[in-house]
Amino acid sequence: MGDGIDELFRTATRLRIAAFLSGCDEAEFRAVQDYCELSPSALSKNVSAFEGAGYLTVRKGHVGKTPRTWLALTDEGHAALARHLSALQNIADTAAQHARHNSGRP
């Protein structure tokens, strides 16, 4: 959308995933799953959507003999999240201004 709202962040779950990943270089799949309180399949579906948009990268590897998956926001993902949050803040600011104006408060 032209106003900065990004449909990929339309759910609280996706916003939570992106916000968590924005605070680190990368995070292990399980850490994101636990933080967001999601099943592996639910997180995988959201990861696929972000990955398809170029907002997230997936890195697979091993710790010892145990397979692991790490997730990271791309530069594009960070920028999209910032635009989305800014658009939400603008909506909130505009609503607050209208409420003050209509209530007669400064």
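**Notes on a predicted model**

1. The structure holds three aromatic pairs. One of them joins Phe9 and Tyr55, whose rings are stacked, with 5.9 Å from centre to centre and 15° between the planes. Phe9 belongs to the segment before α1 (12-22), while Tyr55 belongs to the loop between α3 (40-52) and β2 (56-63), so this pair ties together parts of the chain that are 46 residues apart in sequence.

2. The rings of Phe20 and Tyr35 also form a pair, and with their centres 4.7 Å apart and their planes at 25°, a value under the 30 degrees that the stacked class requires, the pair is stacked. This pair, too, links distant parts of the chain, since Phe20 sits in helix α1 and Tyr35 in helix α2 (residues 29-36), 15 residues apart. As for accessibility, Phe20 is partly exposed, with a relative accessible area of 24%, and Tyr35 is likewise partly exposed, at 48%.

3. His84 lies in helix α4 (residues 75-103). Is His84 buried or exposed? With a relative accessibility of 4%, His84 counts as buried. When residues up to four places away in sequence are set aside, His84 touches Gly4, Ile5, Asp6, Phe9 and Leu15, and the list thus includes Phe9, the residue that is stacked with Tyr55.

4. Asp75 is also found in helix α4, but Asp75 is exposed, with a relative accessible area of 71%. The C-alpha atoms of Asp75 and Tyr55 are separated by 7.5 Å, although the two residues are 20 residues apart along the chain.

5. Asn46 has its place in helix α3 and is buried, with a relative accessible area of 12%. Which side chain does the side chain of Asn46 meet in a polar contact? The partner is the side chain of Arg14, at 2.7 Å.

6. The strands deserve a separate point. Three of them form an open sheet in the order β1-β3-β2, with antiparallel pairing, and the edge strands are β1 (27-28) and β2, each of which pairs on one side only. Strand β3 (residues 66-73) and β2 pair in the antiparallel sense over eight bridges, and Val58 stands opposite Leu71 in β3. In general terms, the strands of a sheet pair through backbone hydrogen bonds, either parallel or antiparallel.

7. Trp70 has its place in strand β3 and is buried, with a relative accessible area of 14%. The charged end of Arg59 sits over the ring of Trp70, 4.1 Å from the ring centre. The C-alpha atoms of Trp70 and Val58 are separated by 5.8 Å, the two residues being twelve residues apart along the chain. Beyond its neighbours within four places in sequence, Trp70 is in contact with Glu26, Ala27, Glu28 and Phe29, and also with Thr57, Val58, Arg59, Lys60, Gly61, His62 and Val63.

8. How many disulfides does the structure hold? The number is zero. Cys24 is in no disulfide, and the nearest cysteine sulfur, that of Cys36, is 11 Å away; the sulfur atoms would have to lie within 2.5 Å to count as a disulfide. Cys36 is in no disulfide either, the nearest cysteine sulfur being that of Cys24. In accessibility, Cys24 is partly exposed, with a relative accessible area of 24%, whereas Cys36 counts as buried, at 4% relative accessibility.

Technical notes
Residues are numbered from 1 along each chain as its sequence is written. This is a predicted model: local features need pLDDT of at least 70, side-chain atom pairs count only at pLDDT 80 or more; totals for chains, interfaces and linings use all residues. Side-chain values use heavy atoms; hydrogens and water are left out. Rings of Phe, Tyr and Trp (its six-membered ring) pair if their centres lie within 6.5 Å; planes under 30 degrees apart count as stacked, over 60 as edge-to-face and the rest as tilted. Helices (H or I, at least four residues) and strands (E, at least two) are DSSP runs, numbered from the N terminus. Buried means under 20% relative accessible area, exposed over 50%, partly exposed in between (1.4 Å probe, protein chains only). A charge sits over a ring if NZ of Lys or CZ of Arg is within 6 Å of the ring centre and within 35 degrees of the ring normal. Two strands pair if DSSP finds at least two bridges between them. Contact means heavy atoms within 4.5 Å. A polar contact is a pair of N or O atoms within 3.5 Å; within protein, one must be able to donate a hydrogen and the other to accept it, and residues adjacent in sequence count only if both atoms are side-chain atoms.
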